[in-house]
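Trainee: Please take me through the terms applied to this entry, setting each value against its cut-off.

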Amino acid sequence: MSPSDWVEKDFYQVLGVSKDASADEIKKAYRKLARANHPDSNPGDAAAEERFKSISEAYSVLSDPQHRKEYDEQRTLFGGGGFRTPRAGGRGYDYSDIFTGSRSGGSGGLNDLFGGIFGGGRGRSAPRRGQDVETEASLTFDQAIEGLTVSLRLSSDEACPACAGTGARAGTVPRVCPNCEGSGMQTSSDGGVFSMTEPCRECLGRGLVVDDPCPVCHGSGRGVSNRVISARIPAGVKDNQKIRLRGKGGPGEHGGPDGDLYIVVHVSPHRLFGRKGDNLTLTVPVRVDEAALGASIAVPTLDGRSVTLKIPAATPNGRTFRVKGRGAPGRGGTKGDLLVTVEVETPPALDDASRAAMEAFRDAAGTYNPRDRMLGQEAARHG
């Protein structure tokens with residue numbers, strides 16, 4: 001998208017944020033709106049799909065500091081009205097970059113048609129990199145650990161196929177503005193020594209006038225391309241991690257490279273396992289006698305196979321043990337560990353035999369009190 005397109009759209013209003021919104025506020029607003037209007041969540045809803053395209057377009061500009069700065073400057077310079085040509089019904093025609101060919105899907109635009117009519121012309125446009133695109137993918141905890149291939153539906157901007165991006169009806173071409181002779185600028189004087197150069201009032205800075213606009217794009221020169229791609233999500237991806245796929249974004253113009261695709265991954269929690277970096281975490285309940293006397297217990301792992309963990313005698317509640325290599329995949333083919341924290345549980349009910357055994361244990365413990373050290377420290381602090 002060229003900066004001259006930006007002035008015609010209020011991206012802040014599309015995302016529902018103020019013009020001084022922070023980057024985090026913009027991202028939060030985008031994610032909320034994108035989830036609500038994503039085509040996969042609204043199958044067959046053309047209105048939701050159009051809203052999703054507008055939301056993605058707005059975020060692609062406002063999320064990039066340099067693009068946002070240029071956008072704000074353009075809006076300020078041209079009063080938010082942009083270079084619009086009025087027409088019946090209140091809509092406007094957008095003939096941005098008509099000379100450079102940015103709407104022509106890779107051709108040289110009208111420079112190829114008019115040659116050197118404007119003092120030699122500008123020549124073919126320089127290659128322009130395609131627009132970066134951002135989308136989201138929701139994964140289960142297991143899918144994030146193992147990795148998978150997902151299908152994503154993407155929408156990107158391209159030249160209108162009916163008019164090849166010129167904005168004029170097929171078979172016609174825009175004509176050179178007679179007022180500015182195609183320069184897009186005019187000079188006015190107050191009668192004194194000072195003069196001012198400003199956009200041409202007749203063509204609003206375009207240099208061209210479209211007499212017969214394209215009925216498909218209504219003179220905007222823009223179309224929308226919808227496509228479905230397969231993307232590989234690597235094993236071990238984390239929640240809210242952003243994955244970059246080079247060359248999978250918007251198409252480049254004039255031989256320029258395609259943009260990149262960024263996938264923001266959302267991972268749902270697991271009912272048993274947690275995660276710390278590349279390590280998985282698990283809390284395992286143990287009986288009082290297992291913690292006191294020691295035991296070998298079976299511990300589940302994410303792949304469904306259990307491992308044996310040896311609990312030494314006198315293990316306190318909350319102690320964490322490490323099971324090597326049973327965590328999430330990391331960089332360089334390494335794997336994290338499984339961190340197992342034991343939680344000592346008392347029996348929910350005691351039968352006669354169990355009660356007698358516990359009473360015998362209490363008698364054998366004698367005067368041992370695990371709170372003595374705590375009470376002694378408090379007494380010394382206040383003594």
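**Surface patch and aromatic pairs**

Mentor: L350, M358 and F361 make up a nonpolar patch on the surface, with about 290 Å² of accessible area together. This is a predicted model, in which local features need pLDDT of at least 70 and side-chain atom pairs pLDDT 80 or more, while totals for chains, interfaces and linings use all residues. Residues are numbered from 1 along each chain as its sequence is written, and side-chain values use heavy atoms, without hydrogens and water.

Trainee: What makes residues a nonpolar patch?

Mentor: Patch members have over 30% relative accessible area and no salt bridge, and nonpolar side chains (Val, Leu, Ile, Met, Phe, Trp, Tyr) are joined within 5 Å.

Trainee: Why is F361 called exposed?

Mentor: Its relative accessible area is 55%, and exposed means over 50% (buried is under 20%, partly exposed in between). F361 is therefore exposed.

Trainee: Why is the pair of Y12 and Y71 called tilted?

Mentor: The structure holds three aromatic pairs. Rings of Phe, Tyr and Trp (its six-membered ring) pair if their centres lie within 6.5 Å; planes under 30 degrees apart are stacked, over 60 edge-to-face, and the rest tilted. For Y12 and Y71 the centres are 6.0 Å apart and the planes at 45°, so the pair is tilted. Y12 and Y71 are both buried.

Trainee: What makes Y30 and Y59 a stacked pair?

Mentor: The pair has 4.0 Å centre to centre and 10° between the planes, hence stacked. Both Y30 and Y59 are buried.

Trainee: How do you know that K242 lies over the face of Y262?

Mentor: K242 is at 5.7 Å from the ring centre of Y262; the criterion is NZ of Lys or CZ of Arg within 6 Å of the ring centre and within 35 degrees of the ring normal.

Technical notes
Patches are made of residues with over 30% relative accessible area and no salt bridge: like charges are joined within 9 Å, nonpolar side chains (Val, Leu, Ile, Met, Phe, Trp, Tyr) within 5 Å. Accessible areas come from the Shrake-Rupley method with a 1.4 Å probe; for residues, only the protein chains shown count as cover. A salt bridge is a side-chain nitrogen of Lys or Arg within 4 Å of a carboxyl oxygen of Asp or Glu. Buried means under 20% relative accessible area, exposed over 50%, partly exposed in between (1.4 Å probe, protein chains only).
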